[in-house]
Amino acid sequence: MMEQEPILERDGDGSADAAFHRYVVPELPALLRVARTLTQNSHDAEDLVQDTIIRAYKSITTFDGAHPRAWLFTILRNTHINRNRRRRPDLFDDPSDVETIADHRSSDPAELVEQSAFRDAVVAAIATLPAKMRVVVELVDLESCTYAEVAMALSIPIGTVMSRLHRGRKHIKDQLIAKGLVNKKVSST
Amino acid sequence: MRDNLREMRNCHEVGQWLQHYLDGELEPVVSTQVEEHLETCVRCGLEFDTYSRIKTALHDASALSPELIEDQIALHRLRRFADELVGHSGPDA
């Protein structure tokens with residue numbers, strides 16, 4: 001396989017700032033969501049993303065332009081590990097501990113009410129999911145992450161991503177069935 | 001009877017791939033097979049519709065939740081920070 005050149009050499013315009021805006025800034029929402037999961041704290045999450053941005057900016061000239069989200073998730077995860085090691089060296093010996101850490105819109109009022117009830121029930125159901133399961137559903141459904149990207153972000157095997165996603169969505173579906181918002185003929189698989 | 005059994009087996013297999021199909025994670029060949037099955041199977045069609053509605057509802061709800069409003073404020077600060085970083089230092093700094 002041909003090794004890719006750093007993005008700036010390939011583009012030839014020397015614009016680190018342009019590369020930063022192109023590859024880093026669009027990923028801020030996904031970074032913040034993963035950071036919230038890792039830190040369990042809004043303030044720490046924002047700080048972690050800020051540190052990640054700085055590290056990404058410093059190394060943007062060596063980034064090859066392929067898979068920016070995966071590249072940024074790696075920086076985020078490593079930054080998080082380093083921050084925790086500095087804060088709690090005795091409690092953070094194992095890097096794997098990081099893991100603990102169709103358009104239905106309508107103008108019909110009756111249908112809008114039904115959609116609103118459905119949406120509220122989905123929101124209520126996802127709130128009851130365990131945090132590890134919830135973040136996987138959010139990354140896939142809200143941030144449009146691929147399974148591989150979620151695996152990379154959370155340092156878990158892709159099979160774990162799939163099983164948490166499936167169990168999470170099934171839990172939501174079961175709650176909707178219990179509230180009579182979904183046809184009972186829908187299977188329980 | 002034999003057709004019913006084959007249909008049930010297909011439903012079981014498709015059920016395993018349904019969420020991957022929803023997320024665009026299937027190989028094109030398998031994706032086409034799932035698509036063909038969904039065209040003719042009411043039960044799997046309902047199942048797919050439910051997961052699809054859940055995905056859409058989550059996406060729509062994200063714009064309304066208080067947590068997301070908090071996220072939007074944090075994101076605004078982070079974007080401003082990113083702009084300032086680019087404006088005040090070079091990547092070698």
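Reader: What pLDDT does chain B average?

Author: This is a predicted model, and 75% of the residues of chain B score at least 70. Where pLDDT is low, the predicted coordinates should not be read in detail. Over chain B, the pLDDT averages 80.

Reader: Which element of chain B has the highest mean pLDDT?

Author: Among the elements of chain B, the lowest mean, 76, belongs to helix α1 of chain B, residues 2-22. The highest, 89, is that of residues 28-40 of chain B, helix α2.

Reader: Are helices α3 and α4 of chain A parallel, antiparallel, perpendicular or oblique to each other?

Author: The axes of α3(A), residues 28-39, and α4(A), residues 42-59, lie 8 Å apart at an angle of about 130 degrees. Roughly perpendicular ends at 115 degrees and roughly antiparallel starts over 145. The two helices, α3(A) and α4(A), are therefore oblique.

Reader: How many nonpolar residues are in the contact of α3(A) with α4(A)?

Author: From α3(A) come residues including A:Leu31, A:Leu32 and A:Ala35, and they meet a set in α4(A) that includes A:Ala45, A:Leu48 and A:Val49. Of the residues in this contact, 3 are polar and 2 charged, while the nonpolar ones number 8.

Reader: Which element gives the largest share of the side of chain A that touches chain B?

Author: Chain A puts 42 residues into the contact and chain B 33. Elements of chain A that give two or more residues include α2, α3, α4 and α9. The largest share is 8 residues, and it comes from α4(A).

Conventions: Residues numbered from 1 in each chain as written. Chains lettered and ligands numbered in written order. Predicted model: local features only at pLDDT ≥ 70, side-chain atom pairs only at ≥ 80, totals over all residues. pLDDT = per-residue confidence, 0-100. Helix = DSSP H or I, 4+ residues; strand = E, 2+ residues; numbered from the N terminus. Axes fitted to C-alpha atoms, helices over the stretch in contact; angles between N-to-C directions. Parallel < 35°, antiparallel > 145°, perpendicular 65-115°, else oblique. Contact = placed C-beta atoms within 7 Å. Nonpolar A, V, L, I, M, F, W, Y, C, P; charged D, E, K, R; others polar.
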